[in-house]
Amino acid sequence: MTVRVLVVDDQAIVRDGLVTVLSLVPDLEVVGEAADGAEAVLAVERDRPDVVLMDLRMPLVDGPTATARITGAHPEVAVLVLTTFADDGSIVTALRAGARGYLTKDAGRTEIATAIRAVASGQSTFDASVGARLVAALSAPVVPPGEPDPAAGLRDRFPDLTPREADVLERIAAGRTNQEIAAELYLTVPTVKSYVNQVFAKLGVRTRAEAVARVLR
């Protein structure tokens with residue numbers, strides 16, 4: 001199966017480089033490119049990509065705004081963020097806007113291609129640095145005033161979750177796949193899938209990225 005990709009970045013040299021690199025991957029097809037969020041929204045309508053590779057900070061319409069517009073109008077299109085920024089605010093803003101994955105521009109061709117395939121198949125994916133920040137957000141002892149304290153535990157924040165569901169949610173937030181969660185918790189993959197569905201239902205979310213955004217909210 002070929003994954004159709006739209007590349008969005010305001011820097012022409014970066015955009016051209018991504019188009020060239022992704023064009024070398026046999027199962028990926030670059031169907032369009034855009035220089036800002038406004039162009040991206042129009043390009044999705046025109047080019048019908050499966051995945052939008054989205055920069056965050058761009059003129060006119062930024063990445064999170066474009067992501068929200070795209071996922072709102074085309075929920076079947078997956079947005080994968082590729083940016084130089086990996087601060088908590090950028091990550092949370094992107095996930096709340098509907099992004100399914102988050103990579104920094106340190107990622108190589110293989111990592112980007114793997115992430116594109118993952119989000120195209122409905123999974124969420126985060127690179128190592130982003131995953132580390134998500135884990136830290138779950139365990140950090142100090143939080144800004146008025147923000148929920150992750151150290152209090154997911155069960156305290158989401159009392160409807162069972163202890164096992166909280167374990168699964170914590171690992172979803174850390175970017176683990178169902179197979180990795182199954183191995184860590186000594187469960188079968190079908191059992192993990194069942195827990196994931198239960199967690200989604202209780203949190204009122206549809207995707208792993210939305211679940212992560214709820215954890216970081």
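Colleague: Which helix gives the most to the lining of the largest pocket?

Modeller: In this predicted model, that is H5, which supplies 4 residues of the lining.

Colleague: And which other elements supply at least two residues each?

Modeller: Besides helix H5 (109-120), the elements that each supply at least two are strand S6 (125-126), helix H6 (128-139), helix H9 (178-185) and helix H10 (189-203).

Colleague: How much space lies in that pocket, and which residues are closest to its centre?

Modeller: The space comes to about 510 Å³, and of the 28 lining residues the closest to the centre are Gln 123, Ser 124, Gly 175, Arg 176 and Thr 177.

Colleague: Switching to the core, how many residues has the largest nonpolar one?

Modeller: The largest nonpolar core has 48 residues, and Ile 172 is among those with the most contacts inside it, as are Val 8, Val 52, Met 54, Ile 70, Tyr 102 and Leu 169. Helix H11 (residues 208-216) contributes the largest share of this core, with 6 residues. There is also a second, separate core of 20 residues, which includes Leu 18, Leu 53, Leu 103 and Ile 112.

Colleague: What is Ile 172 in contact with, leaving aside neighbours within four places in sequence?

Modeller: Ile 172 is then in contact with Ile 181, Val 196, Phe 200, Arg 208, Ala 211 and Val 212.

Colleague: How many aromatic pairs are there, and which ring has the charged end of Arg 57 over it?

Modeller: The structure holds 0 aromatic pairs, while the charged end of Arg 57 sits over the ring of Phe 85, at 3.6 Å from the ring's centre.

Colleague: Last one: why does Ser 23 count as partly exposed?

Modeller: Ser 23, which lies in helix H1 (residues 12-23), counts as partly exposed because its relative accessibility is 45%, and partly exposed covers the range between under 20% for buried and over 50% for exposed.

Technical notes
Residues numbered from 1 in each chain as written. Predicted model: local features only at pLDDT ≥ 70, side-chain atom pairs only at ≥ 80, totals over all residues. Heavy atoms only, no water. Buried < 20%, exposed > 50% of the residue type's maximum accessible area, 1.4 Å probe, protein only. Core = buried A, V, L, I, M, F, W, Y, C linked by side-chain atoms within 4.5 Å. Contact = heavy atoms within 4.5 Å. Phe/Tyr/Trp six-rings, centres within 6.5 Å; stacked < 30°, edge-to-face > 60°. Lys NZ or Arg CZ within 6 Å of the ring centre and 35° of its normal. 1 Å grid on protein atoms, 1.4 Å probe; cavity = no way out; pocket = protein on both sides within 12 Å on 5 of 7 lines; lining within 4 Å. Points joined across faces, edges and corners; volume = space filled by probe spheres on them.
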